[in-house]
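Here is a short tour for a first-time reader. Take a look at the model before reading on.

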Amino acid sequence: MSSATVETRPRQQNPIGWLWRHFREFRRTRPFWGGLLAMIAGVPILYFPYAHLTFGGLTIAMSTTAGAGSLIIGVLMIILGLTAWFQPAVRVFAGIATILLTLVSIPVSNLAGFGLALLPGLIGGGLMVSWAPLPEPSTAPAKGRRARRAERTDNPIAQRVATEPTAAEPAGAEAVEAPTAELPAQGAPEEPAAEAAAPQQGAAESAVPKQRAAADQEEAR
């Protein structure tokens, strides 16, 4: 049995590699890290007002009058982070709202979750505001190396070589020769000059008899 008759095996797809490729594409097309930091900042703001800390046999309840405000701010920051992920068009609004909510949580929610939500909230909001999508690839044909080199120089020889068709171009793509004006013959400019001088000589010869006749009439007088 030769290698040409062997049946090709179906390519086995690695699920981990498939998930990693899709995650990388998802991460590059939206403000991923800004939304993640915004959601991380919302967790301590939401947690501490309803937490019960136990020190030995002593239980400390953190629920105060700021519980409702902390609940609203924490939930809003998590929603803004998810919005930046799945709706990148409103990333600027989500980033500015995240920064404002982080600053409001300082006096409202136990100093922004005892300071744990301050830096993630500010940095995440800034990342969402400053994020921009990648530029789309241009559909124009890529220029050759010789053409790019000719653009950087003023040498006419290099530009002519860059515009000449290469061996990779099809045979039908022939360069169109520019029409050249035909130069007149060497004797051509002399003929109009001779024809223009002939009438002047005839006029001068016809004027001589007239002058002689006028001189004879003056002598006769």
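Is Ile 72 buried or exposed? This is a predicted model. In it, Ile 72 has 52% relative accessibility, so it counts as exposed, the cut-off being over 50%. Ile 72 sits in helix H3, which covers residues 67-86.

Ile 72 also belongs to a nonpolar patch on the surface.

Nonpolar side chains tend to be buried together in soluble globular proteins. The largest nonpolar core here has twelve residues. They are Ala 38, Ala 41, Ile 45, Ile 73, Met 77, Leu 80, Ala 84, Ala 94, Ala 97, Leu 101, Ala 117 and Met 128. Three helices, H2, H3 and H4, each supply at least two residues of this core. H3 gives the most, with four residues.

| Helix | Residues |
|---|---|
| H2 | 32-47 |
| H3 | 67-86 |
| H4 | 91-108 |

Now the whole chain. The secondary structure comes to nine helices and two strands. Along the sequence, their pattern reads α-α-β-β-α-α-α-α-α-α-α.

How much of the protein chain is buried? Buried residues make up 20% of its 221 residues. The chain exposes about 17,100 Å², and carbon and sulfur atoms supply 62% of that area. Contacts tell of the fold too. Among those between residues at least 6 apart in sequence, 66% join residues at least 24 apart.

Definitions and conventions: Residues are numbered from 1 along each chain as its sequence is written. This is a predicted model: local features need pLDDT of at least 70, side-chain atom pairs count only at pLDDT 80 or more; totals for chains, interfaces and linings use all residues. Side-chain values use heavy atoms; hydrogens and water are left out. Patches are made of residues with over 30% relative accessible area and no salt bridge: like charges are joined within 9 Å, nonpolar side chains (Val, Leu, Ile, Met, Phe, Trp, Tyr) within 5 Å. Accessible areas come from the Shrake-Rupley method with a 1.4 Å probe; for residues, only the protein chains shown count as cover. A salt bridge is a side-chain nitrogen of Lys or Arg within 4 Å of a carboxyl oxygen of Asp or Glu. Buried means under 20% relative accessible area, exposed over 50%, partly exposed in between (1.4 Å probe, protein chains only). A nonpolar core is a set of buried Ala, Val, Leu, Ile, Met, Phe, Trp, Tyr and Cys residues joined through side-chain atoms within 4.5 Å. Contact means heavy atoms within 4.5 Å.
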